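Have the sequence and the structure open, try each task, and then compare your steps with the solution.

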Amino acid sequence: MSSTGSLNQYIQLIERMYRTSQGNFLARLLSLRDEHVGNRNLRSSDIATLVEGNCVAPLDEIVISHLLCVKSLYLRDFMEAFEHQSACVACVVKLLQNQKEVNWGLPVMYTVCLDLRLVAQKAEATYLQSNGKILEKAAESLLACFRVCAADNRSSDADTKRLGMLTLVNQLLKVYFRINKLHLCKPLIRAIDSSPFKDQFPLAQQITYRYFVGRKAMFDSDYRSADDYLSFAFHNCHRQSIKNKRLILTYLVPVKMLLGFMPSIQLLQKYDLMQFWDLVSAVKKGDLRGIDQVMEEHESFFISAGIYLIVEKLKITAYRNLFRKVYLAENSHQIEIASFQAALQLMGHDDVDADETQCIVANLIYDGKIKGYISYQHKKVVVSKQNAFPPLSSLY
Amino acid sequence: MSSYFDFFCQNKENESREKSTQNEDRILGTCYSMCPKDEVKLREAERLVHVLEVWGSERRLVKSYSRSAADSNMAVPHLLRPYSVLTNTVQYLLLDVTRRMDVPEPVLYDFVNDRLRAVRQDITIQRLIPTQCVYLLEPMIRFYVYYGYVLSGHPLKDYDPVLNKKYLLECLKWYLSCCDSIAEDQGNIDELSGFFSGLQLNIRESKSKLVNDQVLLESLYILCNLDDLHPLYRYLKMTKDLKRQEKLQLSYEIAIANLQGNYVKVCRLSEKLCPLLYCALSTYLPKLQRRALNVMCQAYNNKRLTVPSSALVRWLCFSTERDAKSACSHYGLKVNEDAILFDRSEFKTDARLHIPVMQNITKKFGLSLIDIFTYETSK
């Protein structure tokens with residue numbers, strides 16, 4: 001849309017799009033990421049008076065706040081830009097509320113909401129002391145949109161604004177993850193999961209949604225569902241979206257490892273996730289010292305991704321692999337506790353004693369990772385003649 | 001669940017929104033005794049003076065908790081105690097009242113708990129600032145942790161562990177969120193510690209004994225919520241200085257050992273804990289023991305072979321072999337003389353939690369009750 005020309009032409013164009021219900025075009029004309037933003041004619045010093053009376057309600061308010069936001073962005077005043085964009089979203093909410101039985105306005109809402117989040121992020125980065133407050137305010141505006149959409153249950157299935165719920169929920173999830181308020185996600189997830197349009201939402205939105213819900217499940221230690229959600233996201237994500245696929249894998253790899261599936265080196269290389277490779281080889285070898293080293297080396301990566309505790313849990317898998325090696329080396333169904341203890345000490349648990357070794361074995365037996373029993377009197381572990389160390393992937 | 005805490009958060013948000021009006025909105029209490037005069041009159045007349053409010057011929061009433069009802073206006077200055085009076089009240093409740101030996105412990109707990117709730121109500125209504133809140137909440141948390149352990153063996157009619165946990169968490173979360181907003185205001189942690197030590201000096205000058213020990217409280221947050229990962233996420237995101245604190249590191253190590261099911265390590269490390277952290281862990285111990293016995297039923301499952309009860313004492317912090325054996329038989333396991341036969345079909349998974357014999361904390365650590373409510377981990 002390079003032909004926006006003068007301010008009047010721009011307004012006429014917007015009005016025409018509005019009259020003819022062309023949501024997508026209207027959305028572009030109100031986007032902060034469209035070419036018209038570069039048009040100098042739209043950056044006059046007194047936008048409000050020029051637009052007022054020149055443009056039909058309720059479009060005038062939207063146009064004014066949109067152009068004021070553009071102006072503030074050029075002046076690099078992100079706080080003010082955020083205020084104007086919030087006003088713009090509020091006007092769009094009103095517009096949508098008054099549009100009964102139609103949903104062609106949804107693209108406009110998507111665009112202004114996405115822009116709001118982006119401006120909020122920009123403001124947040126500029127004013128560090130706000131500490132998430134700006135994004136929280138943005139979330140409030142987004143929730144206002146969400147309420148309008150969720151409440152539209154009178155329109156027919158094709159025309160209902162409820163179809164816009166997922167896009168908004170995704171925006172909100174992005175905000176909540178960024179400001180670390182995961183407890184606020186629950187009602188949103190419930191709203192989507194109970195929606196009759198659950199499977200009709202656009203695939204791209206579904207992928208984003210499952211990526212976040214998968215991360216949330218991982219955070220709550222629900223690894224089975226985390227695997228389901230993240231796997232869906234990974235398999236359906238467009239093959240050229242390398243960056244997104246890498247993001248998904250950051251969480252999917254540790255979850256899969258916990259469930260007994262180790263990633264290949266090719267996969268990790270392809271997506272530039274070699275931080276995991278040292279971990280994979282250490283876990284495979286049962287090298288506890290190695291795991292500690294990896295954790296120290298990549299501490300900030302693991303912590304910021306929220307997977308540090310999963311890595312702690314992977315030590316249990318490492319124990320299992322180590323003990324399996326001892327079992328294969330001894331080539332016997334009766335293994336001395338002392339052998340296991342020596343292996344643990346060799347691999348980095350210097351201060352482990354017979355009591356703790358027994359405790360580690362006991363937990364592995366309880367989890368079904370070793371089949372057998374411990375004899376306290378003989379200080380031995382007696383393992384099953386068949387399948388003493390069942391593959392981890394068969395356990396879940 | 002934690003209504004005061006929610007209210008506190010809301011206030012914080014509102015404040016940032018309307019910075020200009022906040023001072024006019026705030027109510028300042030003008031009641032300079034521990035109990036408002038109206039309430040003293042009413043309670044004396046209605047014979048509602050608690051036995052713990054009677055000291056010989058003297059009566060020392062403390063404002064009791066009452067639910068806010070629709071028709072009652074709680075925001076009346078002469079019914080609210082300002083910060084200085086609240087500090088004295090908390091100090092009086094924890095350091096003087098708890099020394100009374102003439103009433104059973106559950107009665108004492110109920111009384112102090114009720115009066116502390118009233119204190120929290122006053123804090124909320126007056127919207128005290130975070131730096132004041134921490135000084136009032138910290139001792140309360142010690143109280144709930146200590147009595148949470150001491151009373152855990154009492155029957156439900158005398159003491160309810162669920163309610164205690166609720167109050168404990170309410171105070172803890174409130175406290176931690178205060179610490180966060182203090183840190184936010186101060187901008188960096190060095191200033192924060194300087195700030196705290198400054199406050200402590202002030203307090204000592206006024207001959208007060210209560211302290212504020214953030215390291216202890218952060219550790220308590222971990223050990224009071226061992227089945228929850230969120231305190232650990234919080235720990236991981238802490239500043240390096242805080243993380244390096246010995247007490248916190250130890251608590252984190254215990255939590256990770258517990259996460260990995262390593263009951264032997266948890267119990268072994270517990271011996272290094274300071275009194276209140278020990279109380280927090282000991283309150284969790286029955287759960288740990290039940291889970292561990294369940295694990296052992298699978299791992300030592302045998303119709304013939306046994307495990308000596310002395311091993312259980314060593315592994316699971318039982319105080320005596322008798323205690324270990326009674327726990328085992330409580331969960332349905334066969335006990336032969338000094339050995340336990342682990343048979344996985346016998347284990348009663350639905351049995352109630354077995355509460356072992358309590359240890360006397362003051363004796364174990366050679367501390368008085370006052371020490372427990374006032375010690376600092378850095379010393």
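**Exercise 1. A helix pair in chain A**

At roughly what angle do the axes of helix H4 (residues 59-74) of chain A and helix H5 (residues 78-98) of chain A cross, and within what distance do they come? Then name their relative orientation and look at the residues between them.

*Solution.* Keep in mind throughout that this is a predicted model.

- Step 1: the two axes come within 8 Å and cross at roughly 160°.
- Step 2: angles over 145 degrees count as roughly antiparallel, and H4(A) and H5(A) are therefore roughly antiparallel to each other.
- Step 3: the handedness of the H4(A) and H5(A) crossing is left-handed.
- Step 4: H4(A) contributes Glu61(A), Ile62(A), Ser65(A), His66(A), Leu68(A), Cys69(A), Ser72(A) and Leu73(A), while among the partners from H5(A) are Glu80(A), His84(A), Cys88(A), Cys91(A) and Leu95(A).
- Step 5: sorted by class, the contact of H4(A) with H5(A) holds ten nonpolar, five polar and two charged residues.

**Exercise 2. A helix pair in chain B**

Now move to chain B and describe how helix H13 (residues 263-270) and helix H14 (residues 275-299) pack.

*Solution.* 

- Step 1: the axes of H13(B) and H14(B) are 11 Å apart, at an angle of about 160°.
- Step 2: H13(B) and H14(B) are therefore roughly antiparallel to each other.
- Step 3: their crossing is left-handed.
- Step 4: from H13(B), Tyr263(B), Val266(B) and Ser270(B) meet Tyr278(B), Leu281(B), Leu288(B) and Ala292(B) of H14(B).
- Step 5: this contact of H13(B) with H14(B) has six nonpolar residues, one polar and no charged.

**Exercise 3. Parallel or perpendicular?**

Back in chain A, are H18(A) and H19(A) roughly parallel or roughly perpendicular to each other?

*Solution.* 

- Step 1: the axes of H18(A), residues 337-346, and H19(A) come within 9 Å and cross at roughly 95°.
- Step 2: the range for roughly perpendicular is 65 to 115 degrees, so H18(A) and H19(A) are roughly perpendicular to each other.
- Step 3: Ile337(A), Phe340(A), Gln341(A) and Leu344(A) of H18(A) make the contact with Ala354(A), Thr357(A), Gln358(A) and Val361(A) of H19(A).
- Step 4: these residues divide into five nonpolar, three polar and no charged.

**Exercise 4. Where the chains meet**

Which element of chain A gives the most residues to the side that touches chain B?

*Solution.* 

- Step 1: count the contact, which takes 25 residues from chain A and 27 residues from chain B.
- Step 2: in chain A, helix H17 (308-330), helix H19 (354-366) and strand S2 (372-375) each supply at least two residues of that side.
- Step 3: H19(A) gives the most, with nine residues.
- Step 4: the side of chain A that touches chain B divides into 13 nonpolar, six polar and six charged residues.

**Exercise 5. Domains and an annotation**

Into which domains is chain A divided, and which residues does UniProt list for "domain: PCI"?

*Solution.* 

- Step 1: chain A has domain 1 (1-198) and domain 2 (282-394).
- Step 2: the centres of domain 1 and domain 2 of chain A, taken over C-alpha atoms, are separated by 54 Å.
- Step 3: an unreviewed UniProt entry lists residues 207-388 of chain A for "domain: PCI".
- Step 4: the span 207-388 of chain A is 68% helix and 6% strand, and its end C-alpha atoms lie 40 Å apart.

Notes: Residues numbered from 1 in each chain as written. Chains lettered and ligands numbered in written order. Predicted model: local features only at pLDDT ≥ 70, side-chain atom pairs only at ≥ 80, totals over all residues. Contact = placed C-beta atoms within 7 Å. Helix = DSSP H or I, 4+ residues; strand = E, 2+ residues; numbered from the N terminus. Nonpolar A, V, L, I, M, F, W, Y, C, P; charged D, E, K, R; others polar. Axes fitted to C-alpha atoms, helices over the stretch in contact; angles between N-to-C directions. Parallel < 35°, antiparallel > 145°, perpendicular 65-115°, else oblique. Domains from an automatic or database assignment. UniProt positions renumbered as here; feature names shortened; annotations may be inferred. Left-handed = near helix turned anticlockwise from the far one by under 90°.
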